[in-house]
Amino acid sequence: MRFIHLADVHLGAVPDRGCSWSSRREEEIWETFRRVIAGIRENPVDLLFIAGDLFHHQPLLRELKEVNNLFSSIPDTRVYLMAGNHDYLKENSFYRGFQWSSNVFFFEKEELTCVKDEKLDVYIYGLSYEHQEIEEPLYDSVSPRAEEGIHILLAHGGDAKHIPVNMGAVSGAGFDYIALGHLHEPQILIPDKAAYAGALEPVDREDMGPHGYMEGELENGSLKTRFVPFACRSYEQITLMLREDSTQASAENMLKADLAQKGRMNIYKIFIRGNRTPGFWLLPEKLKTFGIISEVVDESRPSYDLEMMEKQYSGTLIGDYIRYFPENNRTETEEKALYYGIQALMETGRFSGMKGEPEKEAGYSLDLERSMQMLKMSRKGFLVQQERRRRDEEGELQKLLTNVEHVQREMNTLKGNLDQIEEKENSLHMRPGDETGVAILDRKTERARKKRDFYTAGMILSAVLGIILLVAATVFTDSAVLELGILVIAALGVCVFGTGRMKGARELQKRGRMKAKWLSRQQELKKNREELQREYCERKVSLGNLQEEYREYEDRICLIAREEIDIKALNLAMGVIKRYWGDAKSGSSSGAHGFGS
């Protein structure tokens, strides 16, 4: 017996929304899932487990049909599927009532269900989320049935708001394998017994490292599992360690070498660390041009000996500036402000001919002005980056809003079409007295049938009476005139009733055609209404998904960006220097500036 354990596929997710590669990543998630199914077709497995979050949002009907079509292409593999916290079973979820392929079993309730695979003698346990958050530990008290066979638990969760899991209790319950989902990092909790498969493809910048699925096989009565890397790309980190002799070119060459070694398909976050020579300003944005790079974090420092500098420049602005930022408990912003300010002061000091010598009173104004100018230029660069990022974010938000408005317009159009169909149905259905059109047509048809039957009976009666009277006249009289008269009257009766019968038959046929036409029209309207209702429901779900994506993107862009930290640090540095500048202009001595720790 062989199986594949998937989780957190997140079909429909748009990783790194707003980046140039985000739409490509959306399709790659689908394509990787298709590759899994194609691999099963080529090398079949007995069971496919999907431990929640197959979709990133509420699945659309067309998406379910596409997935179901993929499942139907592997008929010899039994698929067991549950809904997670992302694609949970809303009241209007298309999961509800969906007709899956015969080889698919969907856990459709938020209560543990056990289903037996009769062919393999395997018991599979699982449930689906009907709420986005479930704080009850639903798995902790679960135990397998006391029956021979392989017992496998599908579980989705593991944090406080998504079914907390006491792994000790669950693993000790007696299951042969626990197929877990929800955490995106692949984790083998208990070798060959319990594992998070992780996300099939990374869907967030925090989903670092390899991604794929778990594969298991029953060998000699024992279960063996292994992790199979399968994602087409991953999020990786690269650290560039600078030295005092590093340059922009050397940093770029280090990055190129790392990218060549790790692969250019991956998405990278670059960390710049180490000590650089004072006066060297790295251009992080330029590094983004060498690959798919989501972020560059510059944590490098100028190679200053702060303790030595504080002593050397004691009683001067530089010494006071260093003391202003005590070593203990410096925040990231204060750390950056310290080095930005020192570098500006040292650079302008050298520029004014000081070359590291303690400042002279006459040199304050000129040096500080240049220091402030350097810091302002640095801040301007970060402000430009910030503005560019904000424009991109606003553009992406506008795209989402445009999509929302487009779907809303489509829904309004569909609602109008539904109202028109309802009016037409009402015109067909209803008549005075709340009688349906079918009842009226049936009543008129019955009248036409009775009319036809009446004339048919009259025609037959006229013919029979004519024959009886003609026989009687022949037997009892010998009057040719009487016999002729009887024939004429009988023929006349047959003609009159026959004409009435023909009219009745034509009317009956007419009523039948009218009823068939009415029923056909009613059926057509019903079919159109059902199709429009399905389209309307799909647009409604799509609208909800777009609104959720909008909120998620808004939340993400509200996080503090790296350049905002640098801008705050530069503002802090300029604020401290500006206070000194004001004191210097008022004639205060450096020791009275309030810069000491």
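1. Lys 116 is partly exposed, with a relative accessible area of 31% (partly exposed lies between buried, under 20%, and exposed, over 50%; 1.4 Å probe, protein chains only). Its salt-bridge partner is Asp 121, at 3.5 Å, N to O (a salt bridge is a side-chain nitrogen of Lys or Arg within 4 Å of a carboxyl oxygen of Asp or Glu). Asp 121 is partly exposed too, at 30%.

2. A word on the basis. This is a predicted model: local features need pLDDT of at least 70, side-chain atom pairs count only at pLDDT 80 or more, and totals for chains, interfaces and linings use all residues. Residues are numbered from 1 along each chain as its sequence is written, and side-chain values use heavy atoms, with hydrogens and water left out.

3. The structure holds 38 salt bridges. One of them joins Glu 215 to Arg 2, at 3.0 Å, N to O. This pair links distant parts of the chain: Glu 215 sits in strand E11 (residues 212-219), Arg 2 in strand E1 (residues 2-6), and 213 residues separate them. Both Glu 215 and Arg 2 are buried. Helices (H or I, at least four residues) and strands (E, at least two) are DSSP runs, numbered from the N terminus.

4. Glu 201 and Arg 25 also form a salt bridge, at 3.1 Å, N to O. Glu 201 lies in the loop between strand E10 (194-196) and E11, and Arg 25 in helix H1 (residues 22-42), so the pair ties together parts 176 residues apart in sequence. Glu 201 is buried, with a relative accessible area of 0%. Arg 25 counts as buried at 1%.

5. Salt bridges also form a network. Its members are Arg 17, Glu 396, Lys 399 and Glu 549.

6. Now the sheet. Six strands form an open sheet in the order E4-E3-E2-E1-E11-E12, with mixed pairing (two strands pair if DSSP finds at least two bridges between them). Strands E4 (104-107) and E12 (222-229) stand at the edges with a single partner strand each, so one side of each has no neighbour in the sheet. Neighbouring strands are turned by 20° against each other on average, direction ignored (axes are lines fitted to C-alpha atoms; angles run from 0 to 180 degrees between N-to-C directions).

7. Strands E2 (residues 47-51) and E3 (residues 78-82) run parallel, joined by five bridges. Ala 51 stands opposite Met 82 in E3.
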